[in-house]
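Colleague: I would like a close look at one part of this model, a helix and its links to other elements. Please begin with the charged pairs.

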Amino acid sequence: MTFIGNFWSLVPAIIAICLALLTKEVYSSLFVGIVIGAVFFACSAPAGFTVSGFTNHIFNDGLLKQLSDSYNAGILVFLVVLGIMVALMNKAGGSAAFGRWAKKHIKTKVGAQVAAICLGVLIFIDDYFNCLTVGSVMKPITEKYKVSREKLAYLIDSTAAPVCIIAPISSWAAAVSGFVTEGENGLALFIKAIPYNFYALFTIVMMFVLVFNKFDYGSMAKFEQLAEKAESTASTEEEVSVKGKGSVLDLVLPVIVLIIFCTIGMIYSGGFFEEGDTQWNFIESFAASDASVGLVIGSFATLIFTLILYVAKRTLSFKDCMECVPDGFKAMVPAILILTLAWTLKGMTDSLEAKDYVASIVSGGAASLKSFLPAIVFVIACFLAFATGTSWGTFGILIPICIAVFPETGDPLRVICISSCMAGAVCGDHCSPISDTTIMASAGAQCNHVNHVSSQLPYAMTVAAVSFVTYLVAGFVKNVFVCWAVGLILLTGVLLMMKKLKKA
């Protein structure tokens with residue numbers, strides 16, 4: 001019996017996700033999924049199951065291969081450098097100073113949450129960068145106003161991938177553009193699809209509605225009630241770790257410099273500064289960039305800048321700065337471990353050809369269901385991204401299929417279908433406990449990962465259901481204004497119903 005290229009190829013990821021949600025323990029759940037994937041692969045070998053084939057697939061083809069991948073290694077280095085920077089800003093007193101400034105300017109719990117959303121929207125370059133920066137800056141403020149870590153993690157996660165997928169200048173736009181292999185400009189197609197990216201846009205709308213109405217449901221309501229009753233420990237923890245007399249500038253300036261340097265790093269990796277006829281313009285360089293390389297370059301440059309700034313101002317001594325290096329690394333160990341296991345599990349599903357299996361299902365019945373295809377692609381993209389924990393892999397599978405089904409560049413269904421693919425991929429990524437963005441949102445808010453997933457899921461599924469119906473409408477009316485009207489009415493109606501049910 002073969003487990004490759006059929007439904008069995010999805011089973012390891014499904015089991016890992018179910019175990020994580022049931023046991024609330026993510027490390028062992030991911031490892032169980034990896035072991036099952038290795039067993040399936042070894043059993044499918046021509047010679048049958050062997051112990052050497054099983055262990056080799058887990059470690060050589062799985063764990064070690066993922067850690068030695070240059071892109072993955074770059075992301076891990078970026079995580080560590082950001083962890084060091086957060087430790088530096090805390091020890092220097094920049095975070096404490098920002099907290100004192102926030103006390104004067106942010107007066108309410110609603111204001112703290114709106115500030116977190118706005119900061120997340122402004123940091124649209126990359127989702128990894130977004131998760132960790134927003135978390136480190138906003139956590140002291142949200143704790144002061146008794147916003148739960150689960151709610152902060154939701155706000156971070158909902159302004160990471162959903163914002164990046166509607167930002168023309170982002171690593172996500174670059175990734176999507178790269179999957180458009182025909183003559184049409186990939187970035188231009190990405191921009192055309194933005195108004196139809198209902199999941200991302202409705203997610204942003206929903207955050208503001210929930211915050212301003214002071215309304216939560218599902219397990220999020222329970223975590224918010226616990227946070228209201230808990231004593232705020234943010235200021236105590238801050239004072240213990242602070243050694244310098246930092247100002248707000250000691251927090252804000254490194255963050256601004258990080259944004260600038262990461263942008264420069266990304267266009268550098270895309271060939272912007274190359275000499276001669278091969279030099280590209282800004283947009284083309286961003287589309288061709290390697291996010292991993294760009295973020296490493298930008299974060300290292302910012303770390304050096306921050307060290308020079310703090311030592312020159314005598315905010316911290318050089319010795320104090322160096323003590324932050326292991327502290328920052330230790331803070332990122334849980335996220336690094338989960339990411340490594342999640343990447344290894346993804347490697348297992350790839351070796352079992354899970355993506356090819358899903359692609360064959362989609363392409364098989366696509367031609368006869370053209371008007372329904374946007375909604376169908378949305379659901380399949382959701383499921384694929386949820387099971388594999390990757391949006392970009394989902395783009396790579398489904399976008400070429402959508403282009404093949406709708407070859408005419410002037411066909412509105414072409415744009416709508418590609419947009420539904422992007423929206424579904426972000427939705428699945430948003431919901432999945434093995435998604436790297438979800439993992440880093442938990443790390444940024446310093447929230448229990450399973451608590452973040454379980455509390456966010458009802459919100460994400462609400463928007464997903466509304467988006468599915470909106471894509472059904474879009475497939476027939478092909479008018480963005482009608483679709484938006486339908487979607488907003490549905491979203492408002494669902495939230496009002498949830499509010500009434502909670503009161504009942």
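How many salt bridges does the count come to?

Modeller: The model is predicted, so local features need pLDDT of at least 70 and side-chain atom pairs count only at pLDDT 80 or more, while totals for chains, interfaces and linings use all residues. Residues are numbered from 1 along each chain as its sequence is written, and side-chain values use heavy atoms, without hydrogens and water.

The count is eight salt bridges, each a side-chain nitrogen of Lys or Arg within 4 Å of a carboxyl oxygen of Asp or Glu. In one of them, Glu 323 pairs with Lys 91 at 3.3 Å, N to O. Because Glu 323 belongs to helix α18 and Lys 91 to helix α4 (residues 70-92), this pair ties together parts 232 residues apart in sequence. Helices here are DSSP runs (H or I, at least four residues), numbered from the N terminus.

Helix α18 (residues 318-351) also meets helix α23 (residues 436-445): their axes come within 10 Å and cross at roughly 170 degrees. Axes are lines fitted to C-alpha atoms over the stretch in contact, with angles from 0 to 180 degrees between N-to-C directions. The two helices are therefore roughly antiparallel, a term for angles over 145 degrees. From α18, the contact (heavy atoms within 4.5 Å) takes in Ala 335, Ile 338, Leu 339, Ala 342 and Trp 343, and from α23 Asp 436, Ile 439, Met 440 and Ala 443. By class, this contact has eight nonpolar residues, no polar and one charged; Ala, Ile, Leu, Met and Trp are among the nonpolar types, and Asp counts as charged.

Note on methods
Parallel < 35°, antiparallel > 145°, perpendicular 65-115°, else oblique.
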